[in-house]
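Subject: Structure for your review

Dear colleague,

Please find the structure below, followed by an account of what was found in it.

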Amino acid sequence: MFSSLFKSFGLSGRSIVLRAPLEGDVIPLSEVNDETFAAGYLGQGVAIRPTGDRVIAPTAVKIEAIFPTGHAVAFRTVDGLDVLIHVGLETYNLEGRHFKVHAAPGDMVTAGETLIEFDRQAIVNEGYDITVPVLIRNAVEFASIKGDVGDHVIELDQLIVAKSR
């Protein structure tokens, strides 16, 4: 009886927090200068204009894919979020220059472990937008995805809250 009442007020379900995998200023996806990311075609979330130079595991994760070029990583959190982090826009064209990969598909890593290091200034100097989309690829499984837009985050700060159905 009460469960349906709680659902009607949006009080059911649990919230899953995704912590920040890098330091920087959080912006809405709609402000990303790439239609695929801005429209949410690859998932819902936020983007970060980084002030740091690495991507870390925001919690315990299993690496699903990490590009040898170092520009992107996909993983699944222990809480069930499928996450894609894409360092910069069109940065696959750098063919790995300015990136160093520290993980491989299948790896289980803990919160705070470095996944990718990148030379932010060198990437910008080559003319690339360094904005980093952080996407929840399985967003349709959740009632809502809300990011801390407008905040400056440091590694492991709260970044996105996914509320289950």
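**Surface and overall form**

The accessible surface of the chain comes to about 8,200 Å², of which carbon and sulfur atoms account for 51%; areas come from the Shrake-Rupley method with a 1.4 Å probe, and for residues only the protein chains shown count as cover. Please bear in mind that this is a predicted model, in which local features need pLDDT of at least 70 and side-chain atom pairs count only at pLDDT 80 or more, whereas totals for chains, interfaces and linings use all residues. Residues are numbered from 1 along each chain as its sequence is written, and side-chain values use heavy atoms, with hydrogens and water left out.

The chain holds three helices and 14 strands, where helices (H or I, at least four residues) and strands (E, at least two) are DSSP runs numbered from the N terminus. Its radius of gyration is 16 Å, close to the 15 Å that the globule rule gives for 165 residues, so the chain is as compact as a globular protein of that length; the radius is taken over C-alpha atoms, and the rule is 2.2 Å times the number of residues to the power 0.38. Of the 165 residues, 44% are buried, a term that means under 20% relative accessible area, with exposed meaning over 50% and partly exposed in between (1.4 Å probe, protein chains only).

**Strands and sheet**

Eight strands form an open sheet with antiparallel pairing, in the order S9-S5-S6-S7-S11-S3-S2-S13, two strands being paired if DSSP finds at least two bridges between them. Strands S9 (108-109) and S13 (152-153) stand at the edges with a single partner strand each, so one side of each is left without a neighbour in the sheet. Within this sheet, S6 (residues 72-77) and S7 (residues 82-86) pair over five bridges in the antiparallel sense, and Val73 has Ile85 in S7 as its bridge partner.

Strand S1 (residues 15-19) pairs with S14 (residues 158-164), again antiparallel and over five bridges, and Leu18 has Ile160 in S14 as its bridge partner.

**A polar contact**

Arg97, in the loop between S7 and strand S8 (99-101), counts as partly exposed at 39% relative accessibility. The side chains of Arg97 and Glu126 are joined by a polar contact of 2.9 Å, that is, a pair of N or O atoms within 3.5 Å, where within protein one must be able to donate a hydrogen and the other to accept it, and residues adjacent in sequence count only if both atoms are side-chain atoms.

Best regards
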